[in-house]
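I opened the model today and kept short notes. They go chain by chain, then to the places where chains meet.

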Amino acid sequence: MDQLAAREKLEQDVLKGLRRPGKWYLLGLAFCTLLFVNALVLWGYQASQGLGVAGIMHPVGWGVYIANFVFWVGIAHSGTLISAVLYLFRARFRTSFNRTAEAMTIFALMVAGMFPLIHLGRVEIFYYLLPYPNQRNLWPNFRSPLVWDVFAITTYLIVSLVFFYVGTLPDLAIVRRRMTGVRARIYSFFSLGWTGSLGQWKQYSRLYLLLAAFATPLVASVHSIVSWDFAVSILPGWHTTIFAPYFVAGAIFSGTAMVIILMVPLRRTLQLQPYISIDHFEAIAKILLFTSLIISYAYLVEYGLAFYGHNQVEMELFRYRALGHYSVLFWLMIICNSLVPLTLFIKRLRRNLAYLFVVALLVNLGMWIERFILIVTSLARDFDPYAWGTYTPSWVEIGITFGSFGLFFMLILLFVKTVPVLSMSELKERL
Amino acid sequence: MMTQTYQYEEAEAFLSKLRELLQSGISQEQLELQLPYHLPEVEQLLELRPGPLRFFALTGGLSGFLGGLGLCIYTALSWPLITGGKPIVSLPPFLIIAYLLAVLFGSLASFAGFLLLARLPKRDNLLEPSDFGNHFVIVVKGEGQ
Amino acid sequence: MERREFLQLLGIFSGAAILPGCGDDRSASKLVSYLVPPDEGVLPGEARYLPSTCCECPAGCGLTVRVREDRAVKLEGRPGHPVNDGGLCMRGQAALWRLYHPERLRHPLRRDADGQFQPVSWDEALTLVVEGLRQARQQGRANLLLSGRTTGTLAELQQHFCQQLEVEQLPQFEPFSHAALRQAYGILFAQPEVPHYRIDQSDLLLSLGADLFETFVSPVNYARQLSRAIKQDDFQWIHAEPHYSLTGANAGERLILLPGSEAALLCFLLVRLDAADERNRLPMQLMAALPASSLEETARLTGLPKRRLEQLAKQLRLAERPLLIVGGIATSQPQGLQVALLAGLLQQRLGMVGNRVDFSQAEAYASVGSLHDLERLTERLEQDQVGVLLVSATDPLVQAPAALDLKQKFQRAGLRVGLCDLFNESAQQFDLLLPLSHPLESWGDAVPRRGVFSLLKPAIAPLYDSRSAGEILLEILQRVGQQVQNQSYQEYLFNTWQQRFDQQQLQQFSEQGFLSLPVSAVPHQFRPEAVSSQLATTQAATATAPHLILTPSIRSFDGRSSCLPLLSELPDPLSTVSYGRWLSMAPTAARKLQLRDRDLVRISSGDWSAELPVRLQPGLAATVLMVQGDLLSEAPLPTDARSGELIRRLDGVRLTKLGGAVALAILSGSSSQQGRGLIPDPVHTQEQPLEQTRFYRAHPHKDYRWAMAIDLELCIGCGACAAACYVENNVPVVGQQDHLQGREMSWLRLAPFYDDAGRASFIPMLCQHCHNAPCEPVCPVYAAYHNAEGLNVQVYQRCVGTRYCSNNCPYKVRRFNWWQHQRQAPLEQMLNPDLSVRDRGVMEKCTFCVQRIRQARDRAQDEQRPIRDGEVLTACGQSCPTGAIVFGNLLDESSAVYRLAHSHRAYRVFADLGTEPSIYYLRKG
């Protein structure tokens, strides 16, 4: 087939996704929106009544909200990994996923960013956390990991947004060309008048490289900083040096799984099979397998240290994790995160998209549980035995958690209908 | 010499024409190229230099780093409250802030530099986009124009 | 009394003149703020400290009432008071809740024909009473007055009232009447009294069942005495009981007796000790009447090892100043009277009577009756012999044993007049309700024990249209023309006092709020002949297991204080259960039935049964089940025919596992300290902790570094500190639901930790004000930081509520406001205006009573001197009955806290974490 025709066909194939949505899409969107709106209502209820409507208590001051925060920040990570790190490594399969992965990063961060606000006792003065000049000249405490979080998440979100936007610029120009009327104008506006001249491409490629270079350390640092929320404390099970790499691996693990969860149905419904091959999925499945091994190793190290270190408090905590109130969740986590991904050593399973999809779902379930276990058990069994307690999430927390998934998938669905899910200009290079 | 426009459907033909034109002594300034996607070969042919975008990144990054560190130290000293027995100027946490701001400002400065250098947004093109679609286009501008 | 004299006296009891409660200016309101503040009276922002007496239980502890802007905001034990000497128990601390109780009666109420209560004026109400009394007399029915334990002038007025109006005064009703004890002392020594026990003068205390720290006669007094005794090196304390009490938990040694074997133990000791020494022997005839008590038999009956029994006899024999106290559960059983008699004999035999068992200062229980009196009352009610029944400041309807069915028979009285303070369920059984003023609103006096006079003086104007019992009785007397017209109860009191005390004593009485008059020694005569017949029945009968023992409660006393919300909020010291009722059982017994905490069981005896959740109680005997009596008031407890004491034990009860569990607010996460050394083992941790190496330089403190020392040897886990903290610091009472979710707000908690043998140790846990506080650096907004005086400060206004500080606190002492806590009116009036009420979403914690530090600093600054040692008393330390909590400046090498912090017993909890707490605990031994 001649090149021009192939490029035209690529554009047509990808832009099919932007056509008028079907019934199922609208239903899905409505469902996700409903979940989100429900969460907003619950949040309003919580803001008016106080955090008492959540299940968090003394001593478990952080519960599902912070688990969600860590989970969604983790999801965000593989987006940057795929788009920036793999770009620097020139991994070809990246092109199949990077657009969606970047969108996922942004949406996951937006969702994640809500949770620190949701869990605040006095959300009405959240701005105390921001560095703004005020009349008392009292600034945030930069020694607090929570302020690092504020900076890390903000930086990550902005850098990801820029990265995403710059990456879509050439594609927006293509959409503009292929649209008419108001939509064309809108896309024209967002494409900033991209024409594809050499001068633009020249700066574009350099910027892309620079942004990839800036974003790459963020992959490691943002989740490290999130992990320091815990590691900087003195609680057993939190205060450990392994946390930063362990969290980063876990983040990439869950994020990669989320990419699979998004791309398998997208590939099918948008008929993108010609552009996203099984090989690409296999490559990403290998990342999944690799990071699974890393976190399994981290689990082992944690237990090994706890028992070899002979620290009573630590030992009791890790015994409690495996055998205490939350033991069912713990073992579910082990199955999902450490055992199920091992099956990906088998090539046939690795290349089976349906299987991969199920594994990815389980991995994300497992990773959510991991955050829950990690946060809750350490608080539930810390130093003073008198203060031990058991935490059960309330329906408000559960509703808001589902709402966060609703918001995330709502944004993904909107993204699918507004932005080409594949980077056409990059795919053209590959044709 | 009149302005000439060449359109190609395929990259190879486009590249050979470009090579030909360059060998014929046409300077880079006279060439105006439109590409449907990024072709690294073109830059090799034209022997393009890395360009000034790097300095935007560097400046942004450095100012972010220093600004971040300065902000932390200044704010800590402006109200020296003891927390947890740690020093007022606690460098390790401050370096985290400095690092993050380096990344943030570096990225934003790069983006700003990009917009500046690539002359975006282009108002003309916003209103009336000139687009060559999936064609490779070489425009050779006439001398004196 | 002449007007001149009255005014003179008024002057002596200073402050009286301007008290709004005295005049007719109840409706007065302040329109203009003070330009020239009066010499005496309400000063905005200034607290006044007035003396009073606690009336929450019969012990009669002295109070200092802190009054701010005409509102009582805090009660404190009155230093120097002969009963409590500064200490105050949790019930005393909670007494303010009674004053501001939302359910208080606000005006007289009368039940109309429909059974609905209608407000009436005092005039109408008293006319009704007078009319009722007259009618009943005409009908030949008896008019009766039943009151709780009443002493002092009011008791005299009651007598006077009854004589003048031909009202029969029933013996006073107290659920803890100590009737067996009084009867025994009456038989033995012709002293039907509860003697004053001088624990601090003994070197060996053997207590048998008496719950010295919970409800027995004068708990704060005993705690004070015991703390003095424990400080002496050679003091030994052995406590024997079948169940598990806070007293037992704190004794040097707790002997677990088989239920009902107290008499056998005492018999054995009596025989052994009598044989050991030739002098002073008891009459042969008496000894012959005692049942044979061989060592083997006693060991079998009591369940104690033979060696221990022998040793116990030896200890008693060798002790120079032994003291035996029996009471509580030991005398509330079928053999209660024998136990009391045998104890009396032993006290006589070992020479305690007249010194350590002191009848000259007897606790004023002589006019208290027993359950027999209530039985007689019900009989008379049944026979419709009762006309007007005046019930004053007691609640027999709830507290009488269920078997009497008093509530039903009560209806048969002609006119039921209740002098009560709360409009609760029992109040609604009356025909006419006369609202009583709270003791803090009234004039009065109390004589808790012979020779001790304690003043009641209004601290605030009455909140409602209420009167004190004295005022009511006096006014009725005046209506029938039996008393000087227009004489107020205050004048009546002054009159009495003037007759009783000389001018100097009056002055003293008014200034200190109490008066200790010398008492003449009471010659006691020993009458052994009367005993023999009583002892003949001392046959040890082995009761069938399992036994249900209904214990007194430190929180509600006999149930009377359970209406005070704070006391439900504070956990029971041993079980750490706050709200709800529960059945304590031994872990071993529970394991057999596969029961865990909160599992529901049915306990039944005869026709009666009750369903309760289980709470495992380490250290409890396997055959004993324990419920706090007031939580199971419907239990069919029999009355001892001889002593009229309630038998607080059911033998051979059946226990059935029902399956399923119920929500029960157990505040403790673990009854064991898991070997973490919060309370170090005195045997194994003799070595000093290593000098902490610091990574960062220690930050300097200029003049003060506040620190606290808590002596665990003295701490008895009574929870008075926690109660004081609630009141002082406006800590919200959050209720059952929040407790079930682990959201109690207490800044200070008392953790009981049990060792493998079931021995309990208590540790008060509060903010440790760490030098390197983990909570501070994690706060993103500087809401938690360290101030220059070593306080870990929490800025409520700054707090955004991330709760990270609480997560990172290894002591878990920070409390988060999950809600905007509401205080039902008028409870908001007891808020301490010196500190803020925290909003929803804000973290709070112990501040070392920073408001008190500030007051002391202001005072010191005015006088241009540094703050003196002991000048700052935290609320917890002030209230502690044993003086276990000492607060002060660690930089001052002469301070008490410095000395204690450098004691060889001092340690800090979790020292290995490097947090460097400012609280030094002193380990036992």
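**Entry 1: chain B**

I began with the domains of chain B. The assignment gives domain 1 (4-50 + 129-140) and domain 2 (53-117); such bounds come from an automatic or database domain assignment. The C-alpha centres of domain 1 of chain B and domain 2 of chain B are 41 Å apart.

Before going on, I noted the ground rules. This is a predicted model, where local features need pLDDT of at least 70, side-chain atom pairs count only at pLDDT 80 or more, and totals for chains, interfaces and linings use all residues. Residues are numbered from 1 along each chain as its sequence is written, while chains are lettered from A and ligands numbered from 1 in the order in which they are written.

Next I looked up the secondary structure. Chain B has five helices and three strands. Helices (H or I, at least four residues) and strands (E, at least two) are DSSP runs, numbered from the N terminus. Along the sequence of chain B I read β-α-β-α-α-α-α-β.

Is chain B compact or spread out? The radius of gyration of chain B is 24 Å, well over the 15 Å that the globule rule gives for 145 residues, so chain B is more spread out than a compact globule. The radius is taken over C-alpha atoms, and the rule is 2.2 Å times the number of residues to the power 0.38. Along the principal axes, the C-alpha atoms of chain B fill a box of roughly 75 × 35 × 30 Å.

I then checked burial. In chain B, 34% of the 145 residues are buried. A residue is buried if 20 or more other C-beta atoms lie within 10 Å of its own, exposed if 12 or fewer, and partly exposed in between, with C-beta atoms placed from the backbone.

Contacts came last. Two residues are in contact if their C-beta atoms, placed from the backbone, lie within 7 Å. Of the contacts in chain B with a separation of 6 or more, 85% are between residues 24 or more positions apart.

**Entry 2: chain A**

I counted 15 helices and zero strands in chain A. The radius of gyration of chain A is 22 Å, close to the 22 Å from the globule rule for 431 residues, so chain A is as compact as a globular protein of that length. Its C-alpha trace spans about 75 × 60 × 40 Å along the principal axes. Buried residues make up 58% of the 431 residues in chain A.

I picked one glycine to look at. A:G193 sits in the loop between α6 and α7 of chain A. Is A:G193 buried or exposed? A:G193 is buried, with 23 other C-beta atoms within 10 Å. Its C-alpha atom is 22 Å from that of A:L209, which is 16 residues away along the chain.

**Entry 3: where A meets B**

I looked up the contact between these two chains. It takes 50 residues from chain A and 54 residues from chain B. Which helix gives the most to the side of chain A that touches chain B? It is α7(A), with 17 residues. By class, that side of chain A has 25 nonpolar, 15 polar and 10 charged residues. Ala, Val, Leu, Ile, Met, Phe, Trp, Tyr, Cys and Pro count as nonpolar, Asp, Glu, Lys and Arg as charged, and the others, Gly among them, as polar.

**Entry 4: chain C**

I checked confidence here. Chain C averages a pLDDT of 90, and 94% of its residues score at least 70. pLDDT is the predictor's confidence in each residue, from 0 to 100. Over residues 16-27 of chain C, pLDDT stays under 50.

Then I took one helix, α12 (residues 336-349) of chain C. At 1.5 Å a residue, its 14 residues should span 20 Å, and its end C-alpha atoms are 20 Å apart, which agrees. The expected span is 1.5 Å times one less than the number of residues. In α12(C), 14 of the 14 residues are buried. Just after α12(C), C:G351 takes a positive phi of about 70°.

**Entry 5: where C meets A**

I found 44 residues of chain C in contact with 39 residues of chain A. The largest share of that side of chain C, three residues, comes from α24(C).
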